[in-house]
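This report looks at one residue and then at the sheet around it. Please have the sequence and the structure at hand.

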Amino acid sequence: QIIQRLVYFALGKGELLLFKRTETQPAIVTITEIEAWKRKNKRKLSNFLWNIATNFYTYGNYFTDYVMTNDRKEVADFHAIDAHNVRAEKVNPNSGRIENYYIATFEQSHDWKKYTIVPAFNEMNPTVKPKFILHGKVPTPGNPYYGIPVWVGGVEQMMLRKRITEYYSK
């Protein structure tokens with residue numbers, strides 16, 4: 001329930017409230033191209049953002065998969081991926097970045113023998129790959145691979161409360 005409340009808080013009343021200011025018009029106006037795109041993708045966008053927020057608060061990470069158009073000027077498709085099913089490749093010592101992610105394709109069991117390799121988003125050259133994964137997390141010193149969920153800080157206190165309750169119930 002706590003995670004669900006955090007997700008509701010993070011999403012607010014609407015998705016992607018984007019505006020721009022112009023020098024000729026000091027008032028904030030909506031960007032018509034983005035509003036049209038939001039209307040076209042409303043159902044998918046709601047699920048996408050819900051999955052991102054839920055993964056972020058549950059696992060401390062979110063992963064999104066993007067497919068570009070053939071000319072690589074626009075995003076043709078996008079999905080949120082369950083963070084539980086994604087693993088990062090070892091950081092490349094030459095580039096200093098994670099270059100690929102592994103997405104497990106589970107059928108009956110949680111067997112990591114079946115997976116798909118998808119390139120990581122390259123912020124230096126974003127259109128180099130037709131398909132890529134964007135990984136979101138709060139950067140943590142000493143942990144280049146994954147973020148830490150916010151609830152981890154309360155685990156010791158929860159264990160202590162449990163022991164105190166057990167002690168007084170005896």
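## A buried aspartate

In this predicted model, Asp65 has a relative accessibility of 9%. Buried means under 20% relative accessible area, so Asp65 counts as buried.

Asp65 is found in strand β3. Apart from neighbours within four places in sequence, Asp65 is in contact with Asp77, Phe78, His79, Ile81, Val118, Lys131, Phe132 and Ile133.

## The sheet

Which strands make up the open sheet, and in what order? The sheet has three strands in the order β4-β3-β8, and their pairing is antiparallel. The edges are taken by β4 (75-81) and β8 (131-137). Each of these two has a single partner strand, so one side of each lacks a neighbour in the sheet. On average, neighbouring strands of this sheet are turned by 20° against each other, direction ignored.

Strands of a sheet pair through backbone hydrogen bonds, either parallel or antiparallel. Here, β3 (residues 61-68) pairs with β4 in the antiparallel sense over six bridges. Tyr66 has Phe78 in β4 as its bridge partner.

## The helix on the sheet

Helix α3 (residues 42-59) packs on the sheet, where α3 touches β3, β4 and β8. The direction of α3 makes about 35° with that of β4.

## Confidence

The pLDDT averages 80 over the chain, and 77% of the residues score at least 70. Over residues 13-18 the pLDDT is below 50.

Terms used: Residues numbered from 1 in each chain as written. Predicted model: local features only at pLDDT ≥ 70, side-chain atom pairs only at ≥ 80, totals over all residues. Heavy atoms only, no water. Pairing = 2+ DSSP bridges. Helix = DSSP H or I, 4+ residues; strand = E, 2+ residues; numbered from the N terminus. Axes fitted to C-alpha atoms, helices over the stretch in contact; angles between N-to-C directions. Contact = heavy atoms within 4.5 Å. pLDDT = per-residue confidence, 0-100. Buried < 20%, exposed > 50% of the residue type's maximum accessible area, 1.4 Å probe, protein only.
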